[in-house]
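Please read them with the structure open.

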There are 2 protein chains.
Amino acid sequence: MFESAELGQEINKTDYEKEVPELREALLDVQHDLRESGKFQVIILIGGVDGAGKSETVKILNEWMDPRFIETNAMGAATEEELAHPPMWRFWRALPPRGKIGIFFGSWYTEPIVNMVYGTIKSRDLDRAMEGVIRFERMFLDEGALILKFWLHLSKDVQKKRLEKLEQNPETRWRVTETEWTHFKLYDKFRKISERALMHTSTPDAPWIIVEGTDPRYRYLTIGKEILSALRRRLDGGEQSAVPKPAPALPPVDEKFQLKSLDFSQNMTKKEYDKELEKYQRKLNLLVRSRKFRKISAILVFEGSDAAGKGGAVRRVTGALDPRSYRIIPIAAPTEEEKLHPYLWRFWRNIPRNGNFTIFDRSWYGRLLVERVEGFCSPADWMRAYGEINDFEEQLARSGGVVIKFWLSITKDEQLKRFREREVTGFKRFKITEEDWRNRKRWNKYELAIGEMIDRTSTDTAPWTVVEANNKYYARIKILKEICERIEAAM
Amino acid sequence: MFESAELGQEINKTDYEKEVPELREALLDVQHDLRESGKFQVIILIGGVDGAGKSETVKILNEWMDPRFIETNAMGAATEEELAHPPMWRFWRALPPRGKIGIFFGSWYTEPIVNMVYGTIKSRDLDRAMEGVIRFERMFLDEGALILKFWLHLSKDVQKKRLEKLEQNPETRWRVTETEWTHFKLYDKFRKISERALMHTSTPDAPWIIVEGTDPRYRYLTIGKEILSALRRRLDGGEQSAVPKPAPALPPVDEKFQLKSLDFSQNMTKKEYDKELEKYQRKLNLLVRSRKFRKISAILVFEGSDAAGKGGAVRRVTGALDPRSYRIIPIAAPTEEEKLHPYLWRFWRNIPRNGNFTIFDRSWYGRLLVERVEGFCSPADWMRAYGEINDFEEQLARSGGVVIKFWLSITKDEQLKRFREREVTGFKRFKITEEDWRNRKRWNKYELAIGEMIDRTSTDTAPWTVVEANNKYYARIKILKEICERIEAAM
């Protein structure tokens with residue numbers, strides 16, 4: 001894979017100086033068009049061998065293009081804050097909005113590769129990590145992002161000479177530390193392992209571009225031209241996202257969803273409720289205060305029909321918690337800024353650090369509910385969301401997040417009753433809007449969407465709990481009990 | 001000041017239970033109206049003596065109101081990330097947007113008071129800190145925020161009993177640590193010092209409300225009712241921001257601004273420029289790489305007439321820097337989310353941590369330029385901006401930020417020449433828009449605004465550097481040189 005990047009490719013100074021001014025103008029222009037279009041973001045990864053010129057390359061790109069619309073992210077060792085979140089969190093935070101370019105120096109590839117070189121993970125772990133990376137990048141590609149992955153390569157011989165030269169110059173000496181020489185001693189291993197990682201993740205839509213790092217002029221021109229042509233192709237519409245759209249899934253023949261077989265006959269008296277409420281709030285409070293909870297976190301999702309009692313249920317949960325330990329995130333239509341990012345972005349921003357709760361009042365499942373039913377996104381978009389969401393939740397779970405999802409279900413009759421009650425109540429906050437009635441008319445459409453959603457996104461790590469909510473007391477206790485059990489099991 | 005909060009005020013259970021349901025309904029309603037209006041944010045501080053029930057009070061407020069629209073912020077010891085920024089940074093990050101309530105548990109008062117109790121600062125430092133706090137709160141009041149400051153008080157006797165009781169109950173024992181007992185031993189001192197701080201900062205628009213903490217029912221009802229009535233008053237328009245609007249300042253009689261006396265005759269040849277550019281870029285690069293720079297940060301502000309060459313100048317500065325060490329923040333019209341916060345919010349979000357640069361391409365001075373001239377804000381708003389901005393920059397400077405501000409000035413003729421050149425150039429990014437011509441027509445209005453701005457916001461800690469930019473070479477070198485000098489002086 002690296003052979004063609006060991007040929008000693010170079011460009012002489014005359015040719016270089018002839019080509020650069022034109023390339024710069026073209027890059028500035030294409031960057032301007034990207035900004036104007038605002039349609040997609042560009043993610044540029046610069047990886048490779050130590051001493052192959054990663055840092056200089058990033059500098060040159062910032063000089064050639066308009067640095068005001070480039071965000072350069074150096075992803076070094078994770079900070080304390082970052083370690084208290086899933087590994088991908090810091091990359092999500094650093095992603096550029098549509099219309100901008102984000103350059104990543106060190107990326108989601110760095111840690112798995114380095115860990116395997118140092119022997120702290122096995123090759124099957126690397127493979128698994130790379131599969132995760134493919135799915136991660138795939139999501140961005142599907143959201144329209146342009147991903148350009150450059151790997152700067154040096155032969156062993158050249159790398160050695162390069163490091164020695166950097167060391168001799170007082171101005172660059174600081175860049176050669178122990179780490180660089182330790183890496184060098186592991187050159188062969190590093191080469192083999194990165195080859196494996198790169199081969200695995202060189203997908204048709206986001207292939208690795210291997211660039212020989214020996215000659216700076218060759219390196220800069222190659223990368224500059226690649227960026228220019230990829231951007232130009234995409235902007236001129238010659239290349240849409242090349243990902244084939246999934247064929248629409250057939251609706252299940254029998255429509256036998258879990259929801260249809262719910263039993264709403266539960267009863268619970270106020271007296272029973274008060275007793276149980278105290279019991280489970282107390283239990284939850286104790287669980288969360290235990291030392292073990294500091295190493296995990298809880299992500300609660302509340303979805304359900306209008307008037308199913310989400311707000312009341314949330315209040316009974318938070319009633320058991322220290323207000324310092326939770327955040328409630330109410331989800332409405334995305335803001336301007338949020339629209340400039342992939343749809344999962346605003347949820348990633350709000351996941352809790354260890355020892356804390358985030359309670360989502362509506363959630364990423366909007367994609368499979370309102371966005372699907374109202375046609376706010378294309379069928380291809382919501383169809384891929386099944387996999388993306390499972391992936392997202394798995395990442396949360398893998399880093400200690402307990403993902404607890406509730407669907408609060410009421411019957412159509414019960415909803416009507418509650419709507420009517422609300423219409424006569426004195427509290428403005430319970431006023432029924434036009435939209436509520438409109439949603440109600442789409443009951444069947446929503447039922448189909450909900451059924452599919454629950455079937456397809458109820459996973460081992462993040463199962464749905466369907467809550468029969470005609471009786472509010474029963475519903476609240478079921479929810480509290482489930483939270484206690486899930487957290488207990490995780491600790 | 002605390003005497004009336006030592007009377008043993010209490011409310012009996014019957015009265016409490018009669019009053020609470022109605023209060024809760026009213027609170028939920030007023031919160032709903034706040035959300036609907038979206039006009040202002042509510043900042044509630046809960047401070048006071050240990051054991052006076054701060055934590056329980058916050059919990060009750062979250063139970064009584066809709067916790068989805070409350071953000072509770074526990075401000076404990078600063079994290080590593082927070083320590084690398086000015087002290088107020090973490091409060092800015094936690095401020096609620098308009099339409100929401102933010103509860104602060106521990107606030108900007110905590111550290112100064114505690115530090116003085118422990119003797120690490122003197123009383124004049126406390127006074128100075130409190131003056132800063134008044135200005136800080138004043139700005140939010142001027143932006144329309146409602147600030148409610150509650151101080152929960154306990155007499156010494158009651159505090160002792162309370163701490164002992166908490167310790168005896170296994171469920172609350174965890175809350176009484178060494179710190180609480182150490183604080184108790186310092187009760188008298190703490191009382192005296194907080195009294196001083198509170199008296200100083202009990203302003204007509206944001207007075208402290210002292211609440212006796214002995215009886216929980218009394219405490220909850222008092223605070224709940226205060227919140228309700230303050231919110232209701234404001235929403236019903238009975239009480240606008242009570243701050244008197246400043247009288248319009250008279251324009252200076254002679255209009256003798258620094259700008260008018262600029263000399264644009266500087267010359268610099270390409271050859272001189274190349275030599276100087278190399279010299280100062282090299283110098284800047286070395287300065288920034290030095291160990292001493294890790295303890296400070298640089299905040300660069302680029303303002304100037306259209307076509308004055310800001311972009312080109314920025315590129316010459318970043319050319320000297322490691323791309324990992326700077327961020328460029330281009331400032332355009334505020335986004336939806338930004339509009340929900342005071343105008344300085346988006347700048348606070350982007351200030352650098354120590355060891356880094358933030359380069360603002362246009363900045364908070366938009367308030368005194370485009371917003372003033374185009375009438376996007378009221379005269380009262382831009383007039384108070386002078387003081388707010390000086391305050392902001394002083395805070396940056398005090399925590400090691402080197403604030404370097406450039407005004408790039410060109411003559412009206414030179415601008416015309418550049419506009420004409422741009423109209424014929426092939427690069428789309430340089431196309432002249434309608435807006436550019438419109439701004440040009442307001443040259444005189446802008447000149448007045450610019451002149452006043454420079455006169456009034458050129459401070460010792462953050463002086464303006466006016467750059468005669470008809471000759472681009474000269475301008476760029478002047479800028480680089482100034483940056484080197486300012487950073488050198490700071491180290």
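1. Start with A:Ile299. Leaving aside neighbours within four places in sequence, A:Ile299 is in contact with A:Ile351, A:Pro352, A:Thr358, A:Leu396, A:Gly401, A:Val402 and A:Val403. Bear in mind that this is a predicted model.

2. A:Ile299 sits in strand E6 of chain A, residues 297-304. Buried or exposed? A:Ile299 counts as buried, because 23 other C-beta atoms lie within 10 Å and the cut-off is 20 or more.

3. One pair spans a stretch of sequence. A:Ile299 and A:Phe357 are 58 residues apart along the chain, yet 5.9 Å separates their C-alpha atoms.

4. Next, the domains. Chain A is assigned domain 1 (3-235) and domain 2 (258-490). Their C-alpha centres are 40 Å apart. Domain 1 of chain A gives 15 residues to the contact, and domain 2 of chain A gives 14.

5. On the domain 1 side, helix H4 (89-94) and helix H6 (123-142) of chain A each give two or more residues. H6(A) has the largest share, four residues. By class, this side has ten nonpolar, one polar and four charged residues.

6. Last, the chain interface. Here 35 residues of chain B are in contact with 35 residues of chain A. On the chain B side, the elements supplying at least two residues each include helix H1 (13-37), helix H2 (54-64), strand E2 (70-74) and helix H12 (310-318). H1(B) provides the largest share, five residues. The chain B side divides into eleven nonpolar, eight polar and 16 charged residues.

Note on methods
Residues are numbered from 1 along each chain as its sequence is written. Chains are lettered from A and ligands numbered from 1 in the order in which they are written. This is a predicted model: local features need pLDDT of at least 70, side-chain atom pairs count only at pLDDT 80 or more; totals for chains, interfaces and linings use all residues. Two residues are in contact if their C-beta atoms, placed from the backbone, lie within 7 Å. Ala, Val, Leu, Ile, Met, Phe, Trp, Tyr, Cys and Pro count as nonpolar, Asp, Glu, Lys and Arg as charged, and the others, Gly among them, as polar. A residue is buried if 20 or more other C-beta atoms lie within 10 Å of its own, exposed if 12 or fewer, and partly exposed in between; C-beta atoms are placed from the backbone. Domain bounds come from an automatic or database domain assignment.
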